[in-house]
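Here are my notes on the model you sent over.

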Amino acid sequence: MENSVSKLSTEEIAQELNRAFAEEVEAATRYLHLRSAVRGLDRVIVDRVLKDAFHETIEHAENIAQKIRSLGHVPKLDIRVNCPNEPLSGREALRQALIFEEEALECYQDLLKKVEGDVPLEEFVRSQIALEYEHVAQLKELLVE
Amino acid sequence: METWKEFDQNIITHSAAHHLMAIDDLVGKLGYARVSDIARQLDITRGSVSISLKPMKEAGLVLQDENRHLRLSDKGQRLVNAVKNKRLLIQRLLSELLGVSEQQAEIDACKMEHLTSNATARRLVAFFRFIDSHEQPAGEFLATWQAHDRGSDEKPESCPTGENKCAADNVPEA
């Protein structure tokens with residue numbers, strides 16, 4: 001189906017949103033794992049951060065799924081997560097979280113360029129960027145030596 | 001060391017091999033490779049690519065510049081070249097010699113390429129040098145094998161296991 005404002009068709013937009021959906025669901029799964037992989041006293045420090053991030057990431061995924069549905073599509077999910085059974089320090093867990101949060105942020109930044117002209121969609125993507133930006137900033141702050 | 005334990009000692013995993021080959025492929029096609037390009041090529045998330053690349057960067061196989069463009073180090077390139085060659089050799093062995101369909105040979109070669117030792121790969125190179133030599137014994141070898149293969153189903157008593165049961169009975173047809 002043609003989208004009158006955006007450069008992409010509705011089908012292509014749904015496809016791009018599916019990618020963002022996969023990023024978020026995968027990130028949530030990784031948060032769940034990171035939270036259980038942190039050992040020792042570090043748990044006390046980072047457990048809350050990782051738990052909150054997990055819930056927020058699930059919320060982001062739900063927002064995207066809702067957006068995909070509003071385009072008349074059903075969200076597609078294809079993820080392959082492999083998390084090793086190695087204990088992590090709190091710092092290492094936050095470092096890993098920063099890696100995938102930065103990728104999620106870039107994913108939305110790229111998506112924004114693609115949906116230029118479709119104001120509601122642009123606004124939606126902008127709001128996701130703001131949220132991801134906050135996540136990244138928070139993680140960077142926690143990782144300051 | 002028991003053979004199965006060697007799988008854990010392998011320098012790269014199956015997934016890592018595909019990441020490295022994707023970088024090589026993208027740099028060849030586009031002149032650069034970004035995480036997003038690799039993610040699209042492998043049909044996985046960017047997060048997954050970035051997490052997977054971390055140990056490869058630490059091992060000095062992948063380099064990243066200030067624009068976050070990725071490329072293989074000399075060590076990474078040597079590894080990719082070796083894996084690609086092994087894939088071609090195994091594919092040839094399976095399809096040309098054993099008569100496995102090209103599609104299946106590609107799938108199986110993909111599974112074996114990064115696990116095959118350099119020693120085995122070198123023996124395969126030597127073997128294909130013989131096959132490609134166009135010397136009479138090579139032609140005769142191939143012709144004998146092909147004739148035997150065509151008639152082998154009719155002689156279950158010549159099964160390679162040499163035990164009570166034919167090996168083929170334990171391997172169901174696809």
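The points below go from ground rules to chain A, then the interface, then chain B.

1. Ground rules. This is a predicted model, in which local features need pLDDT of at least 70, side-chain atom pairs count only at pLDDT 80 or more, and totals for chains, interfaces and linings use all residues. Residues are numbered from 1 along each chain as its sequence is written, chains are lettered from A and ligands numbered from 1 in the order in which they are written, and side-chain values use heavy atoms, with hydrogens and water left out.

2. Chain A overall. Chain A has 4 helices and 0 strands, and the pattern along its sequence reads α-α-α-α. Both element types are DSSP runs numbered from the N terminus (helices are H or I with at least four residues, strands are E with at least two). The C-alpha trace of chain A spans about 55 × 25 × 15 Å along its principal axes.

3. H1 against H2 in chain A. Helix H1 (residues 10-37) and helix H2 (residues 42-70) of chain A have axes that come within 8 Å and cross at roughly 160 degrees. The axes are lines fitted to C-alpha atoms, for helices over the stretch in contact, and angles run from 0 to 180 degrees between N-to-C directions. H1(A) and H2(A) are therefore roughly antiparallel (the cut-offs: under 35 degrees is roughly parallel, over 145 roughly antiparallel, 65 to 115 roughly perpendicular, the rest oblique).

4. H1 against H4 in chain A. For H1(A) and helix H4 (residues 119-142) of chain A, the axes sit 14 Å apart at an angle of about 25 degrees, so H1(A) is roughly parallel to H4(A). On the H1(A) side the contact (heavy atoms within 4.5 Å) uses A:Ile13, A:Leu17, A:Glu24 and A:Tyr31, and on the H4(A) side A:Leu121, A:Phe124, A:Gln128, A:Glu132 and A:Leu139. By class that is 6 nonpolar, 1 polar and 2 charged residues.

5. Salt bridges. Over all chains there are 25 of them, each a side-chain nitrogen of Lys or Arg within 4 Å of a carboxyl oxygen of Asp or Glu. One of them joins A:Asp47 to A:Arg43 at 3.6 Å, N to O. A:Asp47 and A:Arg43 both belong to helix H2 of chain A, 4 residues apart, or about one turn of the helix.

6. The interface. Here 13 residues of chain B touch 18 residues of chain A. About 1400 Å² is buried between the two chains, 42% of it from carbon and sulfur atoms (buried area is the accessible area, 1.4 Å probe, that two parts lose on being put together, summed over both). Of chain B's share, B:Arg40, B:Arg46 and B:Ile51 give 42%, more than any other three residues. The rule finds 5 salt bridges across the interface. A:Glu103 pairs with B:Arg68 in a salt bridge, with the closest N and O atoms 3.3 Å apart.

7. Chain B, one packing pair. Helix H2 (residues 14-30) and helix H5 (residues 74-97) of chain B pack at about 100 degrees, axes 10 Å apart, so H2(B) is roughly perpendicular to H5(B). Residues in the contact include B:Leu20 and B:Met21 of H2(B) and B:Val80 and B:Val83 of H5(B).

How values were computed: Nonpolar A, V, L, I, M, F, W, Y, C, P; charged D, E, K, R; others polar.
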